[in-house]
Each structure stands twice: as C-alpha cells, then as structure tokens.
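Me: I'd like to go through this model with you before I set anything up. Can we start with what holds the inside together?

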Amino acid sequence: MDVQVLLAELRRQLPEFAILISLLAECFETQGEVEDQVATPDKKGVQAAYARDGVVLLKNVLTEDWLERLRSAVDEEVKKGERYFAYKNMREQPGTFQDFCLTSDIGQRVAEVAGSSWTSLMFDQLFVKEPGTRTQTGWHTDQPYWPVAGPIMTMWIALDPVDPDNGALEFIPGSHAWDAKYRPFKTDQLGAFLHYLEEDSPEYSDMPDFEAERDRHRIIHFDMEPGDALAFDGMIVHSAMGNRTSTRRRRGYAIRFACEGATYQPRDTVTEWLHDPGMADGSPFFGKKFPLIYEAA
Ligand SMILES: O=C(O)CCC(=O)C(=O)O
C-alpha cells in the first residue's frame, strides 16, 4: 500500500494520534505543498495526494468544446436572475449539463482520483461569483447537508481563471480525516452564516471560527485556469473568497459524486430534495435518482 494512503488511513482510524501521525508523515516528507500536487503526473500520485489532503488540483479536465458549451449553458442559466447557491440539479433537465455529467469522462476521472470501482451522480450546482460579490463563503463541510455517508467527491470545475482576487476556494488539507462532524448551518443567498441546523444533535459539533484562527491551520488555495478542476472530499473544511474585482467573473461548476462505500442515510432536517423514498436506508448510494455513471469493467 502507498505510504501516503496508509498515513491517511491511520489518521482516519486513529484520530487521537493525529499529532504523532503528522510527525511520521513529515519523516516520509509527505507534507508537500500545493505545487507538488499539481506537478504529480501519475494517477497513483494524484490518488495519494487526494487521500492525504482531501483535495487535489486536476489540470485541463475539459476539452475546449466542453468548456465552451458549459460556459454558454451557465450564461443561459444565470439569465434566470438568481445568484450563487440557487442554481442546482441542472443535470436533471436535458441539455449541456446533463450531457456533460452522463457522457463525458468526468465520472471515470472521479473513480480514478478516489480509487473507486464505481461513481454515481448526486447533483450538480453552479457557483457564480460576479465581480463585486464581496461576501466570503463561510468555512463549512459539505457532507453533513446531504443524506449520505461514506466517500463523496466534488469536482469543482473552473470556467474562468480563478485566483484570490476573484474568489478562490480555500481548504484545510487533511481536515476531511479529522474525527469531527460539523453542524450544518443555514446561509443567506451569498453564503454568509445565518443559523445552525441540527442544533440538538450530539453527533455534531459547532463549526469553529476558522477565519479567526487562521494562523493555527495550514490553509491552501489553488490558482486555476479555465478547464481545471478541484477534486475535494465531502468532509473537508473549506470556504471561498469574495470576488473583489470589478471586471472578472468567477464561474464554477460543481458536481457531487458518490464513490464505492457511500450509502444512503436520509435525515429529515436537511436537503429533503435529495431524498429518494425508493431507496432503503443504508443501501449503496446509487439508483434511479442517483445514476451510476461509471463502473470499472
Ligand atoms: O464556489 C464557491 O463559491 C463555494 C463552493 C463550495 O463551497 C462547494 O462547492 O462546496
């Protein structure tokens, strides 16, 4: 087994030894910087970086044709006049988003990065931060909002150049393997905190104020070119900066996938639109509503 995959597994299984495991990781020089991930050309290296950090940058996942088609589809969609969080599940309607999810190689890419024998499609979502959208998207984890347990991956595809000026995403690498489940919360249309959900559930703890304690964490962001994608784990702590430019849009297309080992876990508090009464509690996370889009031969 690759040493980095092994270390990630140790972190997951033995959270009480996190500091010791980090020291061990340093011995193996696994605390590579972002550039290491980008430069890592082989599939095993990408898989190991993803297992270790919970996020990895993939260069050029889109062909020019898909890039142009997705940009046009996004521009049509945003004509509806909603902003930011409101655009989701476009893949349910015939058209470019559906074609991309079902016929491109994106599902196979997910399987390769996760080391999974199958991937199913949970939903897709647009995150368009227009110039002047100053609101930062607060620190959060995604998975507590969704009726699923186990490995979940988002592919966040940049349709414009992305950097800290126009809304780069930020991550705390390794946080996907912390032994913590952070309480989901409601936000306004721009992603700013309003109030907690599941307030009485002992399963969750409140989200620490990561913004206030930035100097206590290793926080990374990725500059992206159009057509690059970030693959990130459903449990990683992340946020997104505001767009403080006056001219540069930041269009991101995020697709959420379930991987081998993911199971359906409905809860009535959040995202009821992702519930499927036809699926049994605890069953593998694929079915009519969540189609398998890749299966290893
Ligand atoms: O793109 C953004 O602004 C936020 C994306 C995000 O938080 C997510 O995809 O979970």
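This is a predicted model: local features need pLDDT of at least 70, side-chain atom pairs count only at pLDDT 80 or more; totals for chains, interfaces and linings use all residues.

Me: Ok, how many residues are in the largest nonpolar core, and which have the most contacts inside it?

Reply: The largest nonpolar core has 35 residues, and those with the most contacts inside it are Leu62, Phe100, Met155, Ile157 and Tyr253. Helix 5, residues 64-78, gives the largest share of this core, 6 residues. There is also a second, separate core of 22 residues, which includes Val148, Tyr182, Phe210 and Ala258.

Me: What does isoleucine 157 touch, leaving out residues up to four places away in sequence?

Reply: Isoleucine 157 touches Leu62, Phe100, Ile106, Asp228, Ala229, Arg251, Gly252, Tyr253 and Ile255. As background, nonpolar side chains tend to be buried together in soluble globular proteins.

Me: Switching to charges, what does aspartate 228 pair with in a salt bridge?

Reply: Aspartate 228 meets the side chain of lysine 59 in a salt bridge, at 2.6 Å from N to O. Aspartate 228 lies in the loop between strand 9 (220-221) and strand 10 (229-233), and lysine 59 in the loop between strand 1 (55-58) and helix 5, so this pair ties together parts that are 169 residues apart in sequence.

Me: Is aspartate 228 buried or exposed?

Reply: Aspartate 228 counts as buried because its relative accessibility is 0%, whereas lysine 59, at 36%, counts as partly exposed.

Me: And what about aspartate 163, where does its salt bridge go?

Reply: Aspartate 163 forms a salt bridge with arginine 248, and the closest N and O atoms are 2.8 Å apart. This pair also links distant parts of the chain, 85 residues apart, with aspartate 163 in the loop between strand 5 (152-158) and strand 6 (169-171) and arginine 248 in the loop between strand 11 (238-240) and strand 12 (250-259). Arginine 248 is partly exposed, with a relative accessible area of 28%.

Me: How many salt bridges does a search of the whole structure find?

Reply: That search finds 21 salt bridges. One of them joins glutamate 211 and arginine 214, with the closest N and O atoms 3.2 Å apart; glutamate 211 is partly exposed at a relative accessible area of 32%, and arginine 214 is partly exposed at 29%. Elsewhere, salt bridges that share partners join Asp75, Glu130, Asp160, Arg249 and Arg251 into one network.

Me: Helix packing next. How do the axes of helix 4 and helix 7 cross?

Reply: The axes of helix 4 (residues 43-53) and helix 7 (residues 106-114) come within 7 Å and cross at roughly 70°. The two helices are therefore roughly perpendicular to each other, since angles of 65 to 115 degrees count that way. Lys43, Val46, Gln47 and Tyr50 of helix 4 make the contact with Glu112, Val113 and Ala114 of helix 7, and by class this contact has 4 nonpolar, 1 polar and 2 charged residues.

Me: Which residues of helix 4 are buried?

Reply: In helix 4, the buried residues are Gly45, Val46, Ala48, Ala49, Tyr50, Arg52 and Asp53. Just after this helix, glycine 54 takes a positive phi of about 85°.

Me: Which residue has a positive phi of about 50° although it is not a glycine?

Reply: That is asparagine 60, which lies in the loop between strand 1 and helix 5 and counts as exposed at 55% relative accessibility. Asparagine 89 has a positive phi as well, about 60°; asparagine 89 is found in the loop between helix 5 and helix 6 (96-103) and is buried, with a relative accessible area of 14%. For context, most residues other than glycine have a negative phi.

Me: Last one, where is tryptophan 146?

Reply: Tryptophan 146 sits in the loop between strand 3 (137-140) and strand 4 (148-149), and it is buried, with a relative accessible area of 5%. Not counting residues up to four places away in sequence, tryptophan 146 touches Met122, Phe123, Ile152, Thr154, Arg256, Arg267, Thr271 and Leu274.

Notes: Residues are numbered from 1 along each chain as its sequence is written. Side-chain values use heavy atoms; hydrogens and water are left out. Axes are lines fitted to C-alpha atoms, for helices over the stretch in contact, and angles run from 0 to 180 degrees between N-to-C directions. Helices (H or I, at least four residues) and strands (E, at least two) are DSSP runs, numbered from the N terminus. Angles under 35 degrees count as roughly parallel, over 145 as roughly antiparallel, 65 to 115 as roughly perpendicular and the rest as oblique. Contact means heavy atoms within 4.5 Å. Ala, Val, Leu, Ile, Met, Phe, Trp, Tyr, Cys and Pro count as nonpolar, Asp, Glu, Lys and Arg as charged, and the others, Gly among them, as polar. Buried means under 20% relative accessible area, exposed over 50%, partly exposed in between (1.4 Å probe, protein chains only). A nonpolar core is a set of buried Ala, Val, Leu, Ile, Met, Phe, Trp, Tyr and Cys residues joined through side-chain atoms within 4.5 Å. A salt bridge is a side-chain nitrogen of Lys or Arg within 4 Å of a carboxyl oxygen of Asp or Glu.
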